[in-house]
Amino acid sequence: MSRAEPLHLRARWIVPVGRPAIEDGWLRIERGRIVALGRRNIAGSGRTIDLGSVVVLPGLVNAHTHLEFSDLERPLDAEGGLPGWIARVVALRRARPTGLEEAARLAASLRAGLAESLRAGVTTIGEIATAVPRGGYPPVGPRLRVYREALGLSFRGGVLPGVVARDLDRLRGSAGISPHAPMTVSKALGRALLRDAAKRGLPVTMHLAESLAELAYVTGGGGPFRDLFATLGAWPADRPPPVLPPSEWIGRLARARRGSVVHGTFLGEPPDPTALDRLARHRNRLGLVVCPRTTRLLSGRLPPVERFLAAGIRVAIGTDSRASNPDLSVLAEARELVGSGVTSPGEALRMMTSDAAWNVAHESLAGSIAVGRPADLVVLAPSGPFSDPLDAILHPDTRVAATLRAGRVLHGELPRA
Ligand SMILES: [Zn+2]
């Protein structure tokens with residue numbers, strides 16, 4: 001089909017997010033953008049496809065994942081919680097090939113993760129990268145915010161490591177920066193990373209307060225992380241680590257134009273009790289991403305989303321990676337939260353669309369259906385009759401029938417006009 005020719009999509013429900021759902025709705029796409037939407041009678045000429053008894057949503061946003069692990073068949077063993085799991089991630093990375101062989105593995109894993117995301121209805125991704133392929137990410141697929149991650153306890157100061165700066169140049173307009181986590185990033189490395197983010201105007205993200213072991217390590221230097229890092233040779237056990245608690249990181253992250261805190265499960269708990277209040281104070285710049293199934297796997301509980309929402313923080317859903325999660329479906333994460341009574345269906349919807357787009361600094365392009373925006377859409381097909389579109393979206397038998405990015409079908413298919 002010609003992309004210049006106007007196309008109308010008609011659906012039983014269109015759920016734009018940010019405005020009421022439209023029953024018997026339609027939307028008009030021209031040159032990959034939404035140019036009109038309405039109810040019942042279509043205004044304007046052009047082809048029309050009737051999608052039938054489906055729900056059309058803005059393409060979903062996965063605000064946090066690590067696609068480098070998309071080639072794993074199943075999550076790594078979670079015994080020992082976060083410290084035990086991180087030891088297994090380090091072992092996995094050390095066992096990988098090097099050079100061209102690893103470059104090929106990484107490229108294949110990224111492609112697999114992007115394709116899986118499209119099958120799950122995801123058109124925008126907040127991706128964490130420890131390496132960026134020479135040619136950047138594949139040009140066709142979900143919209144990306146790629147946060148170049150860095151970690152290290154022995155960095156003493158100076159300019160940003162050259163390999164990080166090179167990867168940021170490769171990423172161009174989709175770049176972001178991520179200091180990995182409080183227990184793995186020295187104060188000096190964090191300072192260099194965040195100074196560069198501010199200078200380049202890049203959004204930032206960081207794993208914070210994911211476990212009590214993290215809080216113990218960054219406030220006193222003890223606990224399972226001390227043993228782990230001593231074993232790995234990352235930091236000598238007889239010296240205090242040069243690290244900061246989450247509350248200190250929040251103040252530093254808030255100097256970027258936009259940022260997100262990932263997990264935050266133990267934010268505000270002793271021995272760092274002010275962290276959640278600090279995040280709430282910076283809520284115009286910093287949001288929070290939860291990864292429900294990963295938190296349940298590694299911490300034995302779901303994230304305290306109600307506390308974050310009560311503090312006025314914009315909360316997004318992420319899947320985290322295939323190293324801690326069975327798939328890359330944000331719908332499955334939302335079903336987990338709503339099914340456990342942690343959030344309402346309406347809250348879960350914003351957490352995987354508009355608020356997730358805000359968290360990855362793509363809110364002007366993604367997260368809602370509106371005139372002038374790219375036609376990034378997901379078509380959800382319920383398995384039977386339904387009356388409430390939110391119920392249909394969250395029903396486990398509902399299928400992703402098609403995923404469109406800028407008006408192009410990248411997964412599934414539409415009926416013929
Ligand atoms: Zn993560």
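Student: Which residues line the largest cavity in this predicted model?

Tutor: The structure holds 1 cavity of 30 Å³ or more, and about 30 Å³ of space lies in the largest cavity. By class, its lining is made up of 4 nonpolar, 4 polar and 1 charged residues. The residues that line the largest cavity are Pro58, Gly59, Thr123, Leu365, Ala366, Gly367, Ser368, Pro374 and Asp376.

Student: Is Pro374 buried or exposed?

Tutor: Pro374 belongs to the lining of the largest cavity, and its place in the chain is the loop between helix 13 (354–359) and strand 14 (377–381). Its relative accessible area is 8%, and because a residue under 20% is counted as buried, the answer for Pro374 is buried.

Student: What separation is there between the C-alpha atoms of Pro374 and Arg33?

Tutor: Leaving aside neighbours within four places in sequence, Pro374 is in contact with Gly32, Arg33, Ile34, Arg143 and Leu365. Arg33 is one of these contacts, although Pro374 and Arg33 stand 341 residues apart along the chain. The separation of their C-alpha atoms is 4.3 Å.

Student: Which residues does Thr403 touch, not counting residues up to four places away in sequence?

Tutor: Thr403 is found in strand 15 (residues 399–405), and with a relative accessibility of 0% it counts as buried. Among its contacts is Thr123, a residue that also lines the largest cavity. Not counting residues up to four places away in sequence, Thr403 touches Leu118, Gly121, Val122, Thr123, Leu377, Val378, Arg408, Val409, Leu410 and His411.

Student: How many Å separate the C-alpha atoms of Leu404 and Gly300?

Tutor: Leu404 lies in strand 15 and is buried, with a relative accessible area of 0%. Beyond residues up to four places away in sequence, Leu404 touches Leu9, Thr123, Ala375, Asp376, Leu377, Val379, Val409, Leu410 and Leu414, and of these Thr123 and Asp376 are also in the lining of the largest cavity. Gly300 is 104 residues from Leu404 along the chain, and the separation of the two C-alpha atoms is 36 Å.

Student: Which element supplies the largest share of the lining of the second largest pocket?

Tutor: The second largest pocket has a volume of about 280 Å³, and of the 15 residues that line it, the closest to its centre are Tyr137, Leu144, Arg170, Leu171 and Ser174. By class, this lining divides into 7 nonpolar, 4 polar and 4 charged residues. Strand 8 (143–150) and helix 3 (162–171) each supply at least two residues of the lining. The largest share, 3 residues, comes from strand 8.

Student: Why do helix 9 and helix 11 count as roughly perpendicular to each other?

Tutor: Helix 9 (residues 292–299) and helix 11 (residues 330–339) pack with their axes 8 Å apart. Angles of 65 to 115 degrees count as roughly perpendicular, so the two helices fall in that class because the angle between them is about 65°.

Student: How many charged residues are there in the contact of helix 9 with helix 11?

Tutor: On the side of helix 9 the contact involves Pro292, Arg293 and Arg296, which meet Ala332, Glu333, Glu336 and Leu337 in helix 11. By class, the residues of this contact comprise 3 nonpolar and no polar ones, and the number of charged residues is 4.

Methods. Residues are numbered from 1 along each chain as its sequence is written. This is a predicted model: local features need pLDDT of at least 70, side-chain atom pairs count only at pLDDT 80 or more; totals for chains, interfaces and linings use all residues. Side-chain values use heavy atoms; hydrogens and water are left out. On a 1 Å grid over the protein atoms alone, a cavity is a set of points where a 1.4 Å probe fits but cannot get out, and a pocket is an open set with protein on both sides within 12 Å along at least five of seven lines; lining residues have an atom within 4 Å of a point. Grid points are joined across faces, edges and corners, and a volume is the space filled by probe spheres set on the points. Ala, Val, Leu, Ile, Met, Phe, Trp, Tyr, Cys and Pro count as nonpolar, Asp, Glu, Lys and Arg as charged, and the others, Gly among them, as polar. Axes are lines fitted to C-alpha atoms, for helices over the stretch in contact, and angles run from 0 to 180 degrees between N-to-C directions. Helices (H or I, at least four residues) and strands (E, at least two) are DSSP runs, numbered from the N terminus. Angles under 35 degrees count as roughly parallel, over 145 as roughly antiparallel, 65 to 115 as roughly perpendicular and the rest as oblique. Contact means heavy atoms within 4.5 Å. Buried means under 20% relative accessible area, exposed over 50%, partly exposed in between (1.4 Å probe, protein chains only).
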